[in-house]
Amino acid sequence: MPESVLNALWVLPALPLLGFVLNGALALVRPGAKTAVSVIGVGVLALAFAAGIAAVVEFAGRHPAAPLVVRYWEWLPVGSLRIDFALQFDQLSAVMVLVVTGVGALIHLFSVGYMGADPGYARYFAFLNLFVFFMLTLVLGANFPVMFVGWEGVGLCSYLLIGFWFNEKINADAGKKAFIVNRIGDVGFLIAMFLIFQHTGSLDFAEVFRQAPVLAAGGGVVTAITLFLFLGCTGKSAQIPLYTWLPDAMQGPTPVSALIHAATMVTAGVYLVARCNVLFAMAPVSSSVVAGVGALTALFAATIALKQWDIKRVLAYSTISQLGYMFLGVGTGAYAAGIFHLVTHAFFKALLFLGAGSVIHAMHQAYHATHRHEDAQDMRNMGGLRRYLPWTWALMWVATLAIAGIPPFSGFFSKDEILVAAFARAGADPAWYAFWGLAIVAALLTAFYMTRLMLYAFHGPNRTGEREREHLHEAPWVMTAPLVVLGALSLGGGVLNLPELVGGHAFLHHWLAPVTQVADRMRPAIAVSHATEWALVVGAVVVAVAGIVGALRLLKPEALVPARLAPRETGLGRVLWHKWYVDEIYDRLIVRPVMWLSREVLWKVIDMQVVDGLLVNGSAAACRALGWVGSRLQTGQVGVYVVVFVVGVLLVLRAALR
C-alpha cells in the first residue's frame, strides 16, 4: 500500500483493470486454471476495497472543503478544448468507491461458487473485473469526458455479461437490447456535453460548476443541459421511457444481475444527477421532470412486478422502481437522501439477487440430477424452500423487510427520508403532493410483491418434484458468506444516516454537505415539523405493513401449481404479465418502422440503387462507354489518323484566330 493512497489514486481503478488483463490472458491460454482466476478475480476487488477504505480515512483526516483532483496527462488538446486525464476524490466519490468495491467484492466471491462449473469461468471473471474498472473510472473521473469513458465502458461490459451465454439467441438479443437502448440515452449525454462546453468553455467539473451561476437560473440553456443529462440517466438507470432493457438483462448470470442492479451500472444516472447538483438546482423544470419521472417509474414498475413469475424479473422491476425513489430524492433536492437510498439499496438488492442466485443454483442442481428440464427460475416450480435453504430464506426475509421499509431495517430510513423530503417540497410546489402520492402507492405495492415472492418461493408446499426434493440443499459457504455480510448491512445500514428525529446525527448528510452546499443555498430550505414528520414516518410504516399483511391474507401458496400446469393469465393479470405491452408498443411504433426504413429505403434504394447502382456501377458503365468510343477511333489506318490530325489542327487555328 503506498504511503499516501490519495497521491496514488490511480491504484483504485488500476487493480480491477489488472485483474481483467490477467484473467483475460488466462481465458486465452489456460481457461481451466480456475484457482488462479478466482484468486485474481476476487483478490483485486478485495485490494481495491482496502485501498478505498484507506483513501476515505486519509481524505476524512484532511477535512477538505474542495475535492482532490489528480491530473495524470494531457489527454485531448484540441484547439481551445483542453481535457486532462484526471481523477477526482471527494465525499461523493468516496461513497461510490466503497459501494462499488465493497459490494462488488462480495459479488465476485459469490461468483466463485455460482459459476465454478462454467467453461467460460476465466472469461466471466475478466469481464466482471473490467466492469468494476469502468465503474470506478466513472465515479472518479474529474471531468465529463473521463466520466463518459466509464459511462460507455459499463455499457460495453453489460453487453458482454448479459449476453455471456451467447450461444442462445435470447441471451445474445438481450445483450444487444441493453447496448442499443443505452446508446439512445448516451446521445443525450453527448449533446449535454457539447452545450456545456459551448457555454462554459470547459468540461472539468470544478470549472463548469464554478461558472454555472453565470448561466441564467431557470433559463433555456441550463434547462436543456440538465434535460439532456437526464435523458442519459434514463438509459443507464432504466427509467421511463428507456427502462425496457433492464428486465431482459436477467438473461445473464445471476451475479451479473446483482452487480448491475446493486453496485454499478444502474446507479450511474443517480450519481450523475448528484454530481451535477448545481446545474439541476438552477433548473427547476428539469428537477421537477427528474422527480416526476422517478415517482411515475417507481409506481409503474411496481405494478408490473405484481404478476411476474420469474424470480429474477420480479427483482429487476423492483430495481427499476427503487431507482425511481432515488431520482425522486435527487429531483427533490434531497441529494443526500437519494445517495443514502442508493447505498442501502446496494445492500439489500445485492442480497436479494444473490439469494435468488442461491435458489436458482439449488433448483438447477436438483433438475440436473433428475434430468428434468423445468424452469429453475419460475416461482411456480418452487415453494417450501425454507426447509432446504434455511440460511437463504432467513437472509432474503431480511432484505425483503428492508426494501419494504420496515424499521429498523436500512431501507426504512433511506426511503422514509425521500418521502419526507418530497412531502416537504410540496409545501412550496403542490405538484410534489402527486409525486409523494405515487411513491406511497409504490411503497404499498413493493411490500406486496416482495412478500409474494417470499411466499411463493419459500413457503407453502414444495412444487419442485418428489425426486428433486432429495437434491435441494443450501449453497456452499463461498456463496452463503456474502449473503450473511449483506444481511448484516441490510439490517444495520440505516445507521449511516440516522435522522435527528430518532436521535441520530445524519452522518451521511453532513458528509456530503461539501458537495451539495452550493445547490442547497440555491434552493430555499423547506422543513416540516417533528409532528408532521412523525406522522409521515408512521404512515409509511403502516403502508408497508398493509402491503405485507395484504399479501399474507390474499395469496395462497398451497393453491399454486407448477408452471407447466398453470393456467394462462387473464384480464389485468395478463396485461401486467405482458408488462403493459410496452415492448410490443415500442416494437410496432419504433422498431419495425426503423427496420422498414433501413431495409426498404436506406438499403434497397439509397445503398443498392443510388450508391451501388448510380454511383459505383454508373461510373463504371460511363468509363466502359468512354473506352468503347475511344476504341472505335483506333482503326489502324494512317489515312484516317492524318484526316483527324488535320481536322484537329484546323479547329485549333480557328479557335486561336478568334
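Good morning. Buried here means under 20% relative accessible area, exposed over 50% and partly exposed in between, with a 1.4 Å probe and protein chains only. Helices (H or I, at least four residues) and strands (E, at least two) are DSSP runs, numbered from the N terminus.

A word on the source. This is a predicted model, in which local features need pLDDT of at least 70 and side-chain atom pairs count only at pLDDT 80 or more, while totals for chains, interfaces and linings use all residues. Residues are numbered from 1 along each chain as its sequence is written, and side-chain values use heavy atoms, with hydrogens and water left out.

Now the overall picture. The protein has 25 helices and 2 strands. Its C-alpha atoms fill a box of roughly 110 × 65 × 55 Å along the principal axes. Of its 658 residues, 55% count as buried. Contact means heavy atoms within 4.5 Å. Among contacts with a separation of 6 or more, 81% come from residues 24 or more positions apart.

I turn to helix packing. Two packed helices are described by the angle between their axes and the distance between the axes. The axes are lines fitted to C-alpha atoms, for helices over the stretch in contact, and the angles run from 0 to 180 degrees between N-to-C directions.

How do α3 and α20 cross, and at what angle? Helix α3 (residues 91–114) and helix α20 (residues 477–492) have axes that come within 7 Å and cross at roughly 155 degrees. The two helices are therefore roughly antiparallel to each other; angles under 35 degrees count as roughly parallel, over 145 as roughly antiparallel, 65 to 115 as roughly perpendicular and the rest as oblique. The crossing of α3 and α20 is left-handed, a term used if the near helix is turned anticlockwise from the far one by less than a right angle, with right-handed used if clockwise. On the α3 side the contact includes Leu106, Leu109 and Phe110, and on the α20 side it includes Val478, Met479 and Pro482. By class, this contact of α3 with α20 has 11 nonpolar, 1 polar and no charged residues. Ala, Val, Leu, Ile, Met, Phe, Trp, Tyr, Cys and Pro count as nonpolar, Asp, Glu, Lys and Arg as charged, and the others, Gly among them, as polar.

Helix α3 also holds Ser111. Ser111 is buried, with a relative accessible area of 0%. Leaving aside neighbours within four places in sequence, Ser111 is in contact with Gly116, Tyr121, Tyr124, Phe125, Leu128 and Pro255.

The second pair is helix α15 (residues 335–370) and helix α16 (residues 390–404), which pack at an angle of about 145 degrees with their axes 9 Å apart. This crossing is left-handed. The contact includes Phe348, Lys349 and Leu351 of α15 and Thr392, Leu395 and Met396 of α16. Its residues divide into 10 nonpolar, 4 polar and 1 charged.

In helix α14 (residues 311–332) we find Arg313. At 16% relative accessibility, Arg313 counts as buried. Beyond its neighbours within four places in sequence, Arg313 is in contact with Pro247, Asp248, Met250, Gln251, Gln308 and Lys579.

Next, the strands. Strand β1 (residues 68–78) and strand β2 (residues 81–89) run antiparallel and are joined by 9 bridges; two strands pair if DSSP finds at least two bridges between them. Leu76 has Ile83 of β2 as its bridge partner. The hairpin has 2 residues between the strands, and Gly79 takes a positive phi near 60 degrees.

Finally, the backbone. Most residues other than glycine have a negative phi, and most peptide bonds are trans. Another joins Pro407 and Pro408, with omega about 5 degrees, and Pro408 lies in the loop between α16 and α17 (410–425). Ala506 has a positive phi of about 50 degrees although it is not a glycine, and at 13% relative accessibility Ala506 counts as buried. Tyr581, also not a glycine, has a positive phi near 60 degrees, and at 29% relative accessibility Tyr581 counts as partly exposed.
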